[in-house]
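Reader: Could you walk me through this one before I set anything up? I would like to start with the overall picture and then go into details.
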Amino acid sequence: MKKEEFSVLRDIVYEKAGIYFSDNKAYLLENRLKNRLNELNISTFEDYYYYLRYGDKASEELYNLYDAVTTNETSFFRHPPQLEMLRSLLRSEHLNGNKRSEMLRVWSAGCS
């Protein structure tokens, strides 16, 4: 990825997603976008830039761009002590006494 290509793609990522890649992270942006270029059969990062700006499916591609540049990982529900603490709190706060028949709704907001 040329420096100019990095700059314009970094600016799009920042403008659209609020994620900033510093100059020393050019390799990271390049590595994360290579698959997108391959899947779209685009040969250069410059062409990808024009695809994002002016392509027929640019708005759809932005979602793929977001997915490519973000780290999609969460481990909240994979850590047994957290689950045990949640279970303990629910038992003591909600499931004591007559509350057993009440419905309990739990919402886990994605935040990774």
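Author: A word on terms to begin with: helices, of at least four residues, and strands, of at least two, are DSSP runs numbered from the N terminus. The model is a predicted one, and on that definition its secondary structure comes to five helices and zero strands.

Reader: OK, and what order do the elements run in from the N terminus?
Author: They run α-α-α-α-α.

Reader: How much of the protein counts as buried, and how much area does the protein expose?
Author: Of the 112 residues, 21% count as buried, while the exposed surface comes to about 8700 Å², with carbon and sulfur atoms supplying 49% of that area.

Reader: Which residues of the largest nonpolar core touch the most other members?
Author: That core has 17 residues, and those touching the most other members are Leu9, Leu29, Leu33, Tyr48, Leu52, Leu65 and Val69. Two or more residues each are given to this core by helix 1 (3-17), helix 2 (26-40), helix 3 (45-54) and helix 4 (58-69).

Reader: Let me pick tyrosine 48 from that list; what is it in contact with, leaving aside neighbours within four places in sequence?
Author: Tyrosine 48 is in contact with Leu9, Leu33, Arg36, Leu37, Leu40, Ile42, Glu61 and Leu65.

Reader: There's an arginine in there. Is arginine 36 buried or exposed?
Author: Arginine 36, which has its place in helix 2, has a relative accessible area of 9%, and because buried means under 20%, it counts as buried. Leaving aside neighbours within four places in sequence, arginine 36 is in contact with Tyr48, Glu61, Asn64 and Ala68.

Reader: How do helix 2 and helix 3 pack, then?
Author: Their axes are 11 Å apart and the packing angle is about 75°, which makes helix 2 roughly perpendicular to helix 3. In this contact, Glu30, Leu33, Lys34, Arg36, Leu37 and Leu40 of helix 2 meet Phe45, Tyr48 and Tyr51 of helix 3. The residues of the contact divide into six nonpolar, no polar and three charged.

Reader: Switching to backbone geometry, what is the phi of asparagine 41?
Author: Asparagine 41 has a positive phi of about 60°, although it is not a glycine. Most residues other than glycine have a negative phi. Asparagine 41 is found in the loop between helix 2 and helix 3.

Reader: And is asparagine 41 buried or exposed?
Author: Asparagine 41 is exposed, because its relative accessible area is 72% and the cut-off for exposed is over 50%.

Note on methods. Residues are numbered from 1 along each chain as its sequence is written. This is a predicted model: local features need pLDDT of at least 70, side-chain atom pairs count only at pLDDT 80 or more; totals for chains, interfaces and linings use all residues. Side-chain values use heavy atoms; hydrogens and water are left out. A nonpolar core is a set of buried Ala, Val, Leu, Ile, Met, Phe, Trp, Tyr and Cys residues joined through side-chain atoms within 4.5 Å. Buried means under 20% relative accessible area, exposed over 50%, partly exposed in between (1.4 Å probe, protein chains only). Contact means heavy atoms within 4.5 Å. Accessible areas come from the Shrake-Rupley method with a 1.4 Å probe; for residues, only the protein chains shown count as cover. Axes are lines fitted to C-alpha atoms, for helices over the stretch in contact, and angles run from 0 to 180 degrees between N-to-C directions. Angles under 35 degrees count as roughly parallel, over 145 as roughly antiparallel, 65 to 115 as roughly perpendicular and the rest as oblique. Ala, Val, Leu, Ile, Met, Phe, Trp, Tyr, Cys and Pro count as nonpolar, Asp, Glu, Lys and Arg as charged, and the others, Gly among them, as polar.
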